[in-house]
Amino acid sequence: IELKQLILPDLEINIYGTANDICVVGEVSTRAGIRVIGNLKEKIAILTKKYPQLIKPKMIKVLYTMWITEDALKYAEEEGVWVVKPSKELTPLKIA
């Protein structure tokens, strides 16, 4: 999947790409807390409601970060967000 930034009139998504029936939607944040996960959820909700043609049947939600708080990491895992650091994956990849 080729990943790029998606800029729409009322929404900006740092990581976006599609291939066949899968889309990847995500954010990049140097330091991530619970708010970053909440913002990602909000952006996905807006994208799904206002731009359904950009959503595929299967979705990978991803956060690329250098540092994340423990509570945000737990929240991300509960929400099925794949958290990735430059050196390793912090949560398992889930395709919803």
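Mentor: Let us begin with Leu8, which touches Leu47, Tyr51 and Leu54, leaving aside residues up to four places away in sequence. Contact here means heavy atoms within 4.5 Å. The model is a predicted one, in which local features need pLDDT of at least 70 and side-chain atom pairs count only at pLDDT 80 or more, while totals for chains, interfaces and linings use all residues. Residues are numbered from 1 along each chain as its sequence is written, and side-chain values use heavy atoms, with hydrogens and water left out.

Trainee: What makes Leu8 count as buried or exposed?

Mentor: Buried means under 20% relative accessible area, exposed over 50%, and partly exposed in between, with a 1.4 Å probe and protein chains only. Leu8 has a relative accessible area of 17%, and is therefore buried. Leu8 lies in strand 1; strands (E, at least two residues) and helices (H or I, at least four) are DSSP runs, numbered from the N terminus.

Trainee: How do you know whether Leu40 is buried or exposed?

Mentor: The relative accessibility of Leu40 is 2%, so Leu40 counts as buried. Leu40 lies in helix 1 and touches Val25, Gly26, Glu27, Val62 and Val81, not counting residues up to four places away in sequence.

Trainee: How do you know that the length of helix 1 agrees with its number of residues?

Mentor: The expected span is 1.5 Å times one less than the number of residues. Helix 1 has 17 residues and should span 24 Å; its end C-alpha atoms are 24 Å apart, so the two values agree.

Trainee: Which residues of helix 1 are buried, and why are they said to be on the same side?

Mentor: Val36, Ile37, Leu40, Ile44 and Leu47 are buried in helix 1. They cover an arc of only 100° around the axis, and are therefore on the same side of helix 1. The arc is that of the directions from the helix axis to the C-beta atoms. On the other side of helix 1, Arg35, Glu42 and Lys49 are exposed. The buried residues of helix 1 pack against strand 1, strand 2, strand 3, strand 4, helix 2 and strand 5.

Trainee: Which residues are buried in helix 2, and what makes them line one face?

Mentor: Ala72, Leu73 and Ala76 are the buried residues of helix 2. Their directions fall within an arc of 100° when seen down the axis, so they line one face of helix 2. Glu70, Lys74 and Glu78 are exposed on the other side of helix 2. Strand 3, helix 1, strand 4 and strand 5 are among the elements that cover the buried residues of helix 2.

Trainee: What makes a set of residues a nonpolar core?

Mentor: The term denotes a set of buried Ala, Val, Leu, Ile, Met, Phe, Trp, Tyr and Cys residues joined through side-chain atoms within 4.5 Å. The largest such core has 24 residues, and Val25, Leu47 and Leu63 have the most contacts inside it. Strand 1 (4-8), strand 2 (11-19), strand 3 (22-32), helix 1 (34-50), strand 4, helix 2 and strand 5 each supply at least two residues of this core. Helix 1 gives the most to this core, with five residues. Apart from this core lies another, of six residues, including Ile15, Ile22, Val24 and Val62.

Trainee: How do you know that strand 1 and strand 2 are paired?

Mentor: Two strands pair if DSSP finds at least two bridges between them. Four bridges join strand 1 to strand 2, and these strands run antiparallel. Ile7, for instance, has Glu12 in strand 2 as its bridge partner. Strand 1 and strand 2 form a hairpin with two residues between them. Strand 2 and strand 3 also pair in the antiparallel sense, over five bridges, with Ile15 opposite Gly26 in strand 3.

Trainee: Why is the unit of strand 4, helix 2 and strand 5 called right-handed?

Mentor: A crossover is right-handed if, with the strands pointing away from the viewer, the path from the first strand over the helix to the second runs clockwise. Strand 4, helix 2 (residues 70-78) and strand 5 make a right-handed β-α-β unit. Four bridges join strand 4 (residues 58-68) to strand 5 (residues 81-84), and these two strands run parallel.
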